[in-house]
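Here is a short tour to read alongside the model. Have the viewer open and follow along topic by topic.

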Amino acid sequence: MATISASRSLLFSHPTKLFLFSFKASSSSSFSSNFSPCLRLQFTRATCSLQISPSASDPQQQNRVLRPNVVEILEERGLLESLTSDALKTACSDPAAGPLKVYCGFDPTAESLHLGNLLGLIVLSWFRRCGHKAVALIGGATARIGDPSGKALERPELDADTLEKNIVGISNTIRRILGGTQNLYLNANSNLDDSSLVILNNYDWWKEFSLLDFLKRVGRYARVGSMMAKESVRKRLESEQGMSYTEFTYQLLQGYDFLHLFQNEGVNVQIGGSDQWGNITAGTELIRKILQAEGAYGLTFPLLLKSDGTKFGKSEDGAIWLSPAFLSPYKFYQYFFSVPDADVIRFMKILTFLDIEEIEALEREMTKPGYVPNTIQRRLAEEVTRFVHGEDGLNDAFKATEALRPGSQTKLDWKTIEGIAEDVPSCSLAYDEVLSLSLVDLSVSAGLFDSKSAARRMLKQGGIYLNNNRVNKEDKRIEAVDIVDGKVLLLSAGKKNKVLVRIA
């Protein structure tokens, strides 16, 4: 990693060397300096790279870039579980080699990715930030089979229309999260842009395969003993449900995906959760046996677990979706805001791109007198929401958070109120029925109070809010101006009891 010291020098670490360069101070957030005819340093807030260009004495020398060692970064942050070969540590920062091409697979078993998929996107983003290229592979073919890894039962079969809808939804989510503003953080000297992110669908090559093709080109190189020894297979075989032949072949399908991408797209690294180890090694084995080639690597990261030790996923209760159509940015933000103190620092390291030094400083603040509870959680929620939903989504989360705070000065609009609709009771009333109705009567009709006497009592105590504004008039009636954007009203009794009134 690159570090700037107070002495205005830069220390750049490489697996085998340390480089120390002096530089001229600048108020700019980025700079580049030429130290000699063949050395050029490029530094930005997010990346640092050293470019070695041809010199007059060595005109044949190719441009070379010293990239931050992404494997070391992942290991430091707790994002590295296993490597198929330690040679990947050298390959990912070799100045004489070009950037790696890394892929992660996503089976479209739902229309949105979930929090369990987020680590794959974060690791892909780390590779891109360190100057490498990323491929997101949508499993349009493998989703028809279903990955047995970590599952006690076979996945239900999806019809073609549902599968296509899921493919479109997941592709859009990946492009939204990894594209756009994330390009600002790419390695400054790597000449990477949107083209450094490619989204492919494995159905494009599997649709041409017949069973005989598969047995001849793939099956003959597979060994049943090795396949049965995979942990995901062994656990299912020991269960009462057992495993179908269809699921048993899944590891070969994913393994061939790696071979196809290695051979046709120049992909040399596959990443995945620790439960994907068997499928990933199936790919490296097929590449070695069929192509008789080296240079294919696998990397796994730890699974993202709930506090009870179970994996986050679509099919478990409490799924945290990455698409705003399935989970609002507000609810996504609130989930991380409520992370326990015992987990928050670990989540900061694996789910954000903040410097380790800054995270450690935040950790020290938690132990100091006067620390305000949930300060670190708020920062975690901001960073992760910004990565998944962008600045606009984070602003929506802020607005919705304010909307749920009676007495807030934030001006409410229809979109903000709808952002919290899933979290509060709601009802629908006709416009003519609401207009000129007393606030007391509306509070009872909407279900905020059981009786008019209870509503009047709370009103006298100053505890009823209309669109977050305290109501002081006991004879208050609803006016057209009170109906937000002509569509909704938000009633509150105290700080916690709320009702959303939609105007039909």
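Let's start with α3, which is mostly covered: 14 of its 15 residues are buried. This is a predicted model, so please read every value below as computed from predicted coordinates. The chain has 504 residues, and buried residues make up 50% of them. Its secondary structure comes to 19 helices and 18 strands.

**Helix α3**

- Helix α3 runs over residues 115–129 and spans 21 Å from its first C-alpha to its last, close to the 21 Å expected at 1.5 Å a residue.

**The chain as a whole**

- Counting contacts between residues at least 6 apart in sequence, 68% join residues at least 24 apart.
- The accessible surface comes to about 24,500 Å², and carbon and sulfur atoms account for 48% of that area.

**Nonpolar cores**

- The largest nonpolar core holds 70 residues, of which Phe106, Ile271, Phe336 and Leu351 touch the most other members.
- Helix α3 gives this core its largest share, nine residues.
- A second, separate core has 27 residues, including Leu200, Ala222, Met243 and Ile287.
- What does Phe336 touch, leaving aside its neighbours within four places in sequence? Its contacts are Leu115, Phe347, Leu351, Gln377, Leu380, Ala381 and Val384.

**A nonpolar patch on the surface**

- Leu211, Leu212, Leu215 and Tyr245 form a nonpolar patch on the surface, and together they have about 480 Å² of accessible area.
- Helix α6 (residues 211–217) gives the most to this patch, with three residues.
- Leu211 lies in helix α6. Is Leu211 buried or exposed? Leu211 counts as exposed because its relative accessible area is 59%, and the cut-off for exposed is over 50%.

- Asn468 is not a glycine, yet its phi is positive, near 75°. Asn468 belongs to the loop between β15 (464–466) and β16 (469–470).
- With a relative accessible area of 1%, Asn468 is buried.
- Asp485 is another residue other than glycine with a positive phi, here about 55°. Asp485 sits in the loop between β16 and β17 (488–493).
- Asp485 is exposed, at 52% relative accessibility.

- Ser171 has its place in helix α4 (residues 160–178), and it is buried with a relative accessible area of 11%.
- Beyond its neighbours within four places in sequence, Ser171 is in contact with Ile138 and Ile199.
- Glu383 is found in helix α15 (residues 375–403). Why does Glu383 count as buried? Its relative accessibility is 19%, and buried means under 20%.
- Setting aside neighbours within four places in sequence, Glu383 is in contact with Thr352 and Leu354.

**Salt bridges**

- How many salt bridges does the structure hold? There are twelve.
- Side chains of opposite charge can pair when their charged atoms come close.
- One of these pairs is Glu75 and Lys89, whose side chains meet at 3.9 Å, N to O. This pair links distant parts of the chain, 14 residues apart: Glu75 is in helix α1 (residues 70–76) and Lys89 in helix α2 (residues 87–91).
- Both partners are partly exposed, with Glu75 at 44% relative accessibility and Lys89 at 28%.
- Glu383 also forms a salt bridge, with Arg386, at 3.5 Å from N to O. Because Glu383 and Arg386 are three residues apart in helix α15, about one helical turn separates them.
- An α-helix has 3.6 residues a turn, so residues three or four places apart point the same way.
- Glu391 is partly exposed, at 44% relative accessibility.
- Which residues do these shared partners join into one network? The network is made of Glu358, Arg379, Glu383, Arg386 and Glu391.

Technical notes. Residues are numbered from 1 along each chain as its sequence is written. This is a predicted model: local features need pLDDT of at least 70, side-chain atom pairs count only at pLDDT 80 or more; totals for chains, interfaces and linings use all residues. Side-chain values use heavy atoms; hydrogens and water are left out. Helices (H or I, at least four residues) and strands (E, at least two) are DSSP runs, numbered from the N terminus. The expected span of a helix is 1.5 Å times one less than its number of residues. Buried means under 20% relative accessible area, exposed over 50%, partly exposed in between (1.4 Å probe, protein chains only). Contact means heavy atoms within 4.5 Å. Accessible areas come from the Shrake-Rupley method with a 1.4 Å probe; for residues, only the protein chains shown count as cover. Patches are made of residues with over 30% relative accessible area and no salt bridge: like charges are joined within 9 Å, nonpolar side chains (Val, Leu, Ile, Met, Phe, Trp, Tyr) within 5 Å. A salt bridge is a side-chain nitrogen of Lys or Arg within 4 Å of a carboxyl oxygen of Asp or Glu. A nonpolar core is a set of buried Ala, Val, Leu, Ile, Met, Phe, Trp, Tyr and Cys residues joined through side-chain atoms within 4.5 Å.
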